[in-house]
Amino acid sequence: MKLADYTTVRLGGPARGFVRAGTEDELIDAVRSADAAGEPLLILGGGSNLVVSDEGFDGTVVQVATRGVSRDGGPGVLTVAAGEDWDAVVARSVAEGLAGLECLSGIPGLTGATPIQNVGAYGQEVAETITAVRVYDRVTGDVQQIPNERCDFGYRTSRFRGAGRFVVLSVTFRLAVQVLSAPVRYAELAATLGVPVGGQVESAEARAAVIELRQRKGMVIDPADPDTRSVGSFFVNPVLDAPALAAVEAAARARSGPQARVPHFEVGSGDGLAKVPAAWLIEQAGFGKGYNPGDGARISAKHTLALVNAGTASTAALLALAREIRDGVRDAFGVSLAPEPVLVGVTL
Ligand SMILES: Cc1cc2nc3c(=O)[nH]c(=O)nc-3n(C[C@H](O)[C@H](O)[C@H](O)COP(=O)(O)OP(=O)(O)OC[C@H]3O[C@@H](n4cnc5c(N)ncnc54)[C@H](O)[C@@H]3O)c2cc1C
C-alpha cells in the first residue's frame, strides 16, 4: 500500500501501519493505541494538502472515515463529522437554503481538515462560520469542544496546524438561513456574477460560478485532467509590511521599468500589512504556467501556484521544483515563499 494512492498529487511511499476509522470510537482508539505505543501518527483526510516523502511514513496512518451531519443545534447550525466530504457538505448547505459556505465550493478533502488551515477561497474562509471544533486532545486524553475564539484562526492557519495535539472529530458551523449568498467580496467572482463587490446572488448561483472559475484554473479534482494532480496552491500568498512591500516595488521597477506595479491587497488589520499574490511573484521571477524542468513535476498549465505531478514525478522532483521557484522569487524580490501543504518526512 502506497500513500500515493491516498494523496491528490499521487505521491508518497508506503506507511508501516494503516487504520481506517469509520466511527468516532475507532478513530479515538486508533490514536490512543498509536500514542500508547509511542508510534508516529499521521491523521489522513482526503490527502489533498499532503506532500509525503518517497520513503513513505514510518508509523501508523489513521484514515478518518467517520460520517454524519446533524442540524439539531437550531436554525442554520450544522454539525459535521470530520470524515464527511467537504464539497458534499457545501452542496447540501446551499440546497437547504443556508449561506456562508457557497464560495468554498469545489475544494477537495474532508470537513475535519477545514479548520486545520482555515480553508478559504473567493473571499470566504471557514473561520467566519465555524462556532466550535470538537477534538480529541492527545495530551489530556479528553474530548473537548473548542469555541471559535480559542481556535486562533488566521490566514491559512489555526492552533491545529502543525501541532498534532488535536484530532478533529466534528465541526459546527452557524450559517445564515437565506437563499441569497453572503455578500460577494472577491472581485473576480463578483465580475463573473455581474454584481458589484458586496452584492448578493442566490447561493446556488455563487456555487456554480465558483466551481466554473475553479475548473478553469484546474482547482477542481478531475482524474482526466493531469493539471489537477496537485495539492492546490503550493505556496501561501506572502503578507508583507510596508518596507518589504516597498522593496518588492523597487525590485519590480528595476526589472520591468518605472511603470511596474505590484498587485497587493491590504490585509485589513489596520497595521499596514499587505498580501501580495504569490502567483504574480512567481510569474515575474520567470516561472510561467506550464514551466517544466523535465523530471515529472511541472507548474500547472492553468494555474501558476499549482505544482503538478505530470505522471512520472517523485516527491523529490516536486520539492526540487518548489525549491527552484522559492529561490528564484527570493533572488528576484527578496521574499521567502512558504509552502501551504503539510510536508511529511520532507522539508523544503
Ligand atoms: C485541487 C486543489 C484545490 C485546493 N483548493 C484549496 C482552496 O481553494 N483553499 C484552501 O484553503 N485549500 C485548498 N486546497 C487544499 C486542501 O484541499 C485543503 O487544505 C483541505 O482542507 C485538506 O483536506 P484533506 O481532508 O484532504 O486533508 P489532508 O490533506 O488529508 O490533511 C491535511 C492536514 O490536516 C491534518 N488532518 C486532516 N484531517 C484531520 C483531522 N480530522 N484531525 C486532525 N488533523 C487532521 C492532516 O494530518 C494533515 O496535517 C486545495 C487542494 C487541491 C488538491
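**Salt bridges**

I searched the whole structure, a predicted model, and found 17 salt bridges (a side-chain nitrogen of Lys or Arg within 4 Å of a carboxyl oxygen of Asp or Glu). Residues are numbered from 1 along each chain as its sequence is written, side-chain values use heavy atoms without hydrogens or water, and local features need pLDDT of at least 70. Side-chain atom pairs count only at pLDDT 80 or more, while totals for chains, interfaces and linings use all residues.

**E39 and R16**

I looked up E39 next: its salt bridge is with R16, and the closest N and O atoms are 3.4 Å apart. The two sit 23 residues apart, E39 in the loop between α1 and β2 and R16 in strand β1. (Helices are DSSP runs of H or I, at least four residues, and strands are runs of E, at least two, numbered from the N terminus.) E39 is buried at 18% relative accessible area, whereas R16 is exposed at 51%. Buried means under 20%, exposed over 50%, partly exposed in between, with a 1.4 Å probe and protein chains only.

**E188 and K217**

I then checked E188 and K217, whose side chains meet in a salt bridge of 2.8 Å, N to O. E188 lies in helix α3 and K217 in the loop between α4 and β14, so the pair ties together parts 29 residues apart in sequence. E188 is partly exposed at 32% relative accessibility, and K217 is partly exposed at 22%.

**A network**

Last, I noted that D225, D227, R298 and K302 are linked in a network of salt bridges.
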